[in-house]
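Here's a quick briefing for anyone meeting this structure for the first time. Take a look, then read on.

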Protein chains: 4
Amino acid sequence: MTNPITADGPVRVVVWGENRHEQLEPEVAEIYPEGMHNAIRQGIEENLGQGAVVSTVTLDDPEHGLTEEVLENTDVLVWWGHAAHGEVSDEVVDRVHRHVLAGMGLLVLHSGHWSKIFGKLMGTTCTLRWRSERDREIVWTVDPTHPIAQGVPHPFIIPEQEMYGEFFDIPAPDELIFLSTFSGGEVFRSGCTFRRGFGKIFFFSPGDQDYPVYFHKDVRRVIANGVVWAKTYRPERTSPVLLRYETEDFYNGQGYQGALKAQ
Amino acid sequence: MTNPITADGPVRVVVWGENRHEQLEPEVAEIYPEGMHNAIRQGIEENLGQGAVVSTVTLDDPEHGLTEEVLENTDVLVWWGHAAHGEVSDEVVDRVHRHVLAGMGLLVLHSGHWSKIFGKLMGTTCTLRWRSERDREIVWTVDPTHPIAQGVPHPFIIPEQEMYGEFFDIPAPDELIFLSTFSGGEVFRSGCTFRRGFGKIFFFSPGDQDYPVYFHKDVRRVIANGVVWAKTYRPERTSPVLLRYETEDFYNGQGYQGALKAQ
Amino acid sequence: MTNPITADGPVRVVVWGENRHEQLEPEVAEIYPEGMHNAIRQGIEENLGQGAVVSTVTLDDPEHGLTEEVLENTDVLVWWGHAAHGEVSDEVVDRVHRHVLAGMGLLVLHSGHWSKIFGKLMGTTCTLRWRSERDREIVWTVDPTHPIAQGVPHPFIIPEQEMYGEFFDIPAPDELIFLSTFSGGEVFRSGCTFRRGFGKIFFFSPGDQDYPVYFHKDVRRVIANGVVWAKTYRPERTSPVLLRYETEDFYNGQGYQGALKAQ
Amino acid sequence: MTNPITADGPVRVVVWGENRHEQLEPEVAEIYPEGMHNAIRQGIEENLGQGAVVSTVTLDDPEHGLTEEVLENTDVLVWWGHAAHGEVSDEVVDRVHRHVLAGMGLLVLHSGHWSKIFGKLMGTTCTLRWRSERDREIVWTVDPTHPIAQGVPHPFIIPEQEMYGEFFDIPAPDELIFLSTFSGGEVFRSGCTFRRGFGKIFFFSPGDQDYPVYFHKDVRRVIANGVVWAKTYRPERTSPVLLRYETEDFYNGQGYQGALKAQ
């Protein structure tokens, strides 16, 4: 197929996992014996097959596994963190932020809503309501033509989940794809897209360390769809820049070379 | 590539051309000797190659070429009309409208802004400012991650064009991809997406019978990108419906079978 | 206060009521002895006091009470219909449509989702899921700075209501203010704004003939807030128009005076 | 008028001015002999009269004039900065950020696009194209029902201005109100709203130290409209918070009191 948009190689995905609950809590380790990041990875591979090359890194890797070199070779980064948001170094957060604005896709999952990187990209508190009491979560599609919603039932049901409820303090999403309800009566904007700089961001709330959500068929499909959607196709990994342009020259901007004209 | 989103066959495209100017005005026939619809078709083929199968129909075909059977086998319909909007039958407009809401993609080009089908989908007057005096049009990308903007320069320049200016009476677009300026100082939201029912719509304003715009390399690329974007992936061509659902049965809605409970 | 935006006189509101259930069904007449339209009117007056002048008209009035003269003197029209959408004449629907595009505000309540006027403005089927089985509806605010959400608790609860659920086939709203959940687990985009032409539209789903929803304090406040929000402040009641503008003359457009240049 | 939304006292506005160009550059001091902040202040007073109480503070005031006490008593902060963005202390930026998320309105003018506070709220680079060569700027309204657009001509013209052009790296605005074109052919999204937390933000690009833009009648009207629009009406100045809620208790969230369940 010669469509230049989709004709290139597999999506290069890195799943970032905090990997602390799995080490410290036997009940989490029982649900996710290979770590949550590996369950997420497998779900992507299961859906995309040779369309994706997926690796994993974790908080305890040097530079949290997110070196400049790793990011340069990542089309889409998937982020799961919870208990140790504060341990993520500001330097790495700044690096990820720079790469997103320069074109790297980012999927933020569940408790990643309160990660440093998500807050830095959103500009808001990203706070919400919560309760981990085995609520049933029902996920409804409200944007049925969106590629991220393809192939999932309307609705799909997660038998037991942590409740996340509104008000979720995020900017109004560019696209609102999924809404979730919980057996306690709460509602949540559970699937949201945001475009920032040259990068695409998908937030998807299902998923928690205490429930086997990342083995759920439809959750896996949504994450895989999100990975495909979040890949961008600019030829270079560079951020937008501030440049001066001459009249009638639309293509050759230049950096500012003057100064405050003090006397 | 096993990504289920993009793994299926070529996009089936129908270009609908009014084909009146080309018959009545020699200067238009000179620019578009095979008709505007064929210039549009060639631009799509040139960009998508085997990724698309493109045919053309025109106003003077029986049922304007848009029979139920044709539409059922169309993934994306491209619409160019101008002088003869009023001759398009309401029955065909209703049929196209139904297919869009049921999942057929629609690209509306240039003067198609005042077609019956666009007005019916938008709900507004779709009026604008205009002047055909060989303005230079400059097309700027304001949504650089959008797949429809991939592969086109920022900006791209159309040396001579009809001016279309604001206020363009459309609903706020779901996505605003391109803005055009004209040498007279006007501005226009020239690339806009809208989702309606299960269908995706892309309006793109460059293009006119008096200028060879549909031979412009970047205009062709945008239209081809739009075609790929507008294809949807639901298994059936059916519209949303009004159904009653029993409590705890999320999947088996039923039509209303009661009546106004008159005494 | 000299702010020219809010300094003028009271909002002139017309509540349009279908007024059929109240005539035909004793149980509805018991809930709404003065008709639903009067309950809605009283809720607006209660909240806006001298800030609004509210009248009511019904389906059985001549021209459904919506003559050209009435509409010319209406800032905001509130619409409740259900059983008799089909009896509303197309001529009146076209007249209301024209006035909305020319600047009249419109509030569409509950089953008005399937009225001719709402469908004509939205361009979609406006279908949804439903069930009238005394679900509890909880209304959550997701746009807390919006003036329509001012003064209502987060959430507010309607003890018994008809269920309206997604997928609700509307264009993505310009602003999504409220989300409702139902005891059966469904969700609905229950408070949505749309701008069309020079008019502002607010859809609010709570309200039904079988439940006393229009006596609910918070529902009344939201409707009153919606009325204030929907009023526009253009000096004239005219629609957008299609006009030709000379180069360098940005203010004096003219109608087209040429013709298809046939030979 | 008893409408509770608009019935309270005047809007309390603080105009923050960098006030450096006026001190260092005689040509700027000639245009703005009382400082740019005072020209902005006068424009608001001229339009809102007793509907607003406006004061000014500048970079060189202690804590840049933006103490906790000042912000607590500010409904809407107007920000103009340019040459000395880097001198604004991070502590004050964090304080302003917190107040915006808690409900203070914010107007960011012109070169404020590159201020720390705007970048922190947007999450993007906020870069753009520019050229200060006396372009004519034409400001077009594309959201004619928006209260910020009331009372200004379509279009309005600023005879000489700095050019600001796309791509402007901001999130897609919640509402796009104005588009500007420049005589060099560029375009800019010049009037944009954003809602963040419990606060409303309006970015408006006209205005520069080298041109008398803040004396322009229509520019002044837009800024005054923006001030009225940005005021919010929550009873308290508090940010969204992260709280746990018990099932069936929608109103009494509590802070987390547990810990990572390490063994």
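Let's start with charge: in chain A, the mean positions of the 23 positive and 38 negative charges lie 5 Å apart. Lys and Arg count as positive, Asp and Glu as negative, with His and the chain ends left out; each charge is placed at NZ of Lys, CZ of Arg, CG of Asp or CD of Glu. This is a predicted model, where local features need pLDDT of at least 70, side-chain atom pairs count only at pLDDT 80 or more, and totals for chains, interfaces and linings use all residues. Residues are numbered from 1 along each chain as its sequence is written, chains are lettered from A and ligands numbered from 1 in the order written, and side-chain values use heavy atoms, without hydrogens and water.

**Surface and burial**
- In chain A, 65% of the 263 residues are buried (under 20% relative accessible area, 1.4 Å probe, protein chains only).
- Chain A exposes about 8,800 Å², with 50% of it coming from carbon and sulfur atoms (Shrake-Rupley method, 1.4 Å probe).

**Size and contacts**
- The C-alpha trace of chain A spans about 65 × 45 × 35 Å along its principal axes.
- Of the contacts in chain A with a separation of 6 or more, 71% join residues 24 or more positions apart (contact means heavy atoms within 4.5 Å).

**How the copies pair up**

How values were computed:
Buried < 20%, exposed > 50% of the residue type's maximum accessible area, 1.4 Å probe, protein only.
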